[in-house]
Amino acid sequence: MAKKLKVGYLPIIDHLILGITKNKIDNGLEDTPDIELVEKFGWNEVGDALMEGSIDMAFMLAPYAMDLYHTKQNIKLLLLSHRDGSIIVTNKRANINNLQDFKGKTVLIPYQASMHHVIFHKLLQEAGLSLGIGKDVVTEVVAPGQIPMMIEYDQEGTIAGYIVAEPFGTVVVNGGHGDILKLSKDVTPAHPCCGVVVRDEVIAEHRDTVQALINSFVKSGLEVKSDKENTIKTAVSFMKQPEEVVRAILEDPSERFTADRLMPTLEELDAAQNYLIDTVSMPAISGKIDMSKFVDLSFAQAAGAK
């Protein structure tokens, strides 16, 4: 019997292919080894669990995984879990009418070592604003699930806005506390963000199981587009959100989040690490890594990932 791998994740749209695969396994729709889903609250929880070995596999921010690899963690990135999918929301109380209105305020990001940091930095840089500690606009790291509460209780409007994975943007907009400024894809089209990261010893000892799961994740990514109604139903349960929130994320517009092109590219990931080390005000990653040693493309290639 195949080992039942423990998979860490957050209940966000970025990790939806995990929920689709688990749903197929539970309903006997696919001959894929069973997995145990281990839900986490924030990114540090995911990283800590992967480092200590309490989970075997993690859906996590690719730049964060790069940073863990740089600290000599024995892990590999095998697949992207999505492209695009994040949203930039302004706080209604902050009275943000244009990018210049961000000056002197705080923006929330889910993690320093993230594509969210890259995207917000690019957006503000286009307006001639600097982002970081002591800069025009200050960043504060907040766990994705905690952001809606931060916005709701910011009576003074000191938080200008934030960038985050869905559903934690649409939840605030639907609650009347925020407005959509931009979708992440409109700043950096088809950007990578999260990846499927596995401990080296798990790959070595359970390669066939890992490959079977990667195969399933790739198929699940294709089903996001081809089976929209089942995807919405699964996402409602996976993210524990109302159907109207999920429909907005997956249908308005339909390409807000994509999961049909999950092949990692070394060039894209290398560009992300370079930006987070060389361009942001303070390096968000502790050092550069050899991307060809961190990323193992063989699993995605065998799964037929595009």
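A residue counts as buried when its relative accessible area is under 20%, as exposed when that area is over 50%, and as partly exposed in between, with a 1.4 Å probe and protein chains only. The exercises below concern a predicted model, in which local features need pLDDT of at least 70 and side-chain atom pairs count only at pLDDT 80 or more, while totals for chains, interfaces and linings use all residues. Residues are numbered from 1 along each chain as its sequence is written, and side-chain values use heavy atoms, with hydrogens and water left out.

**Exercise 1.** Classify the aromatic pair of Phe 59 and Phe 217, and state which elements the two residues lie in.

Solution. A pair of aromatic rings is described by the distance of the centres and the angle of the planes. Rings of Phe, Tyr and Trp (its six-membered ring) pair if their centres lie within 6.5 Å, and planes under 30 degrees apart count as stacked, over 60 as edge-to-face and the rest as tilted. The structure holds five aromatic pairs; in one of them, Phe 59 and Phe 217 lie 5.2 Å apart centre to centre with 85 degrees between the planes, which is edge-to-face. Phe 59 belongs to strand β3 (residues 57-61) and Phe 217 to helix α9 (residues 207-226), so the pair ties together parts that are 158 residues apart in sequence; here helices (H or I, at least four residues) and strands (E, at least two) are DSSP runs, numbered from the N terminus. Both Phe 59 and Phe 217 are buried.

**Exercise 2.** Describe the open sheet formed by five strands, and identify its edge strands.

Solution. Two strands pair if DSSP finds at least two bridges between them. The five strands follow the order β2-β1-β3-β11-β4, with mixed pairing. The edges are β2 (35-39) and β4 (75-80), each of which pairs on one side only. Strand β4 runs antiparallel to β11 (residues 194-199), to which five bridges join it, and Lys 76 stands opposite Val 198 in β11.
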